[in-house]
Amino acid sequence: MTGSIRFRFWGVRGSIATPGPKTVRYGGNTPCVEVQASDHRIILDGGTGLRCLGEGLMREGQPIDADLVLTHTHWDHIQGIPFFTPAFIPGNTFRLHGQNKGPYSLKKVLEGQMTDPNFPVPLSIMGSELSFHELEPGDSLKIGDDVLIKTRPMRHPNECLGIRIEHAGRVLVYCTDTEHDPESGELDENVLALADGADVFIYDAMYTEESYRNGKVGWGHSTYTEALRLARAAKVRKLFFFHHDPYSEDDFLDDQLRWARAETVSEPLEVFMSREGPSYEI
Ligand SMILES: [Zn+2]
Ligand SMILES: [Zn+2]
């Protein structure tokens with residue numbers, strides 16, 4: 001697959017999984033995005049969608065080799081890891097990348113969610129080859145000789161990494177769990193730097209302007225309107241609204257997408273609502 005980036009959403013929902021008939025079309029799993037660049041598989045976040053990705057990988061056959069990049073370790077971004085079947089199978093290899101948090105290493109934090117009495121088996125029972133790599137805001141990471149990952153800090157409680165993946169002249173940017181500055185109105189320079197000229201820009205659009213102003217300022221998430229502002233300023237080609245609010249049902253997301261497409265109808269920018277299932281290629 002040289003010369004392109006393929007990606008698929010396995011989890012698009014923020015904060016907590018929301019299964020049910022009113023979220024089934026866009027999906028109710030928490031964040032997980034699979035990215036394939038050349039023969040490299042990169043997994044962005046390990047929310048509940050990671051369990052479903054694991055089932056898909058098991059059907060593809062072994063051995064499986066992937067880099068799992070965690071933007072941060074809030075529950076909705078790591079809860080799929082204890083249920084990621086390929087990690088239990090010897091012969092598979094997973095390199096986990098993320099921030100250390102104060103006195104806690106990434107490994108320690110992930111061990112924590114699987115520690116008695118929170119979970120019946122410890123992380124150490126996983127039979128695949130697991131390695132842990134510190135990734136701090138501003139760090140870059142090379143995967144093979146043709147994939148470059150750049151990071152910047154996002155505005156989010158307990159900190160979060162924004163991610164830009166470059167491969168063969170294609171760029172995919174993943175900025176979730178980030179809040180704009182509602183007072184100054186200035187665009188976030190870290191988001192802009194990552195999103196600059198991107199083919200795909202996946203952005204935290206958890207709220208409408210109205211719901212954000214109605215008690216959600218300071219919660220660490222952003223809006224549909226800010227996503228459009230950033231996408232236009234950074235001249236991205238495709239914008240994907242992401243990290244859907246658990247209270248945003250499918251029909252509501254349809255309405256937001258219709259609104260955004262009407263707003264951008266005469267612009268080169270294409271707008272999408274992130275949805276579990278389809279594969280995209282850029
Ligand atoms: Zn989140
Ligand atoms: Zn978070």
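1. A quick term before we start: a crossover counts as right-handed if, with the strands pointing away from you, the path from the first strand over the helix to the second runs clockwise. Keep that in mind for point 2, and remember that this is a predicted model.

2. Now find strand β3 (residues 40–44), helix α1 (residues 49–60) and strand β4 (residues 65–69). Together, β3, α1 and β4 form a right-handed β-α-β unit.

3. How do β3 and β4 pair? They run in the parallel sense, with 3 bridges between them. To see one residue pair, go to leucine 44, whose bridge partner in β4 is valine 69.

4. Strand β5 (residues 93–98) is parallel to β4 and joined to it by 5 bridges. Here valine 69 stands opposite histidine 97 of β5. So valine 69 is paired with leucine 44 and also with histidine 97, if we go by what a bridge between paired strands is.

5. Is β4 mostly covered or mostly open? Mostly covered: 4 of its 5 residues are buried.

6. Next, have a look at strand β1 (residues 5–11), which is mostly covered too, with 5 of its 7 residues buried. Its pairing with strand β2 (residues 32–37) is antiparallel and takes in 6 bridges. One place to check this is arginine 8, opposite glutamate 34 in β2.

7. β1 also pairs with strand β14 (residues 279–281), again in the antiparallel sense, over 3 bridges. There, arginine 6 has glutamate 281 as its bridge partner.

Technical notes:
Residues are numbered from 1 along each chain as its sequence is written. Chains are lettered from A and ligands numbered from 1 in the order in which they are written. This is a predicted model: local features need pLDDT of at least 70, side-chain atom pairs count only at pLDDT 80 or more; totals for chains, interfaces and linings use all residues. A residue is buried if 20 or more other C-beta atoms lie within 10 Å of its own, exposed if 12 or fewer, and partly exposed in between; C-beta atoms are placed from the backbone. Helices (H or I, at least four residues) and strands (E, at least two) are DSSP runs, numbered from the N terminus. Two strands pair if DSSP finds at least two bridges between them.
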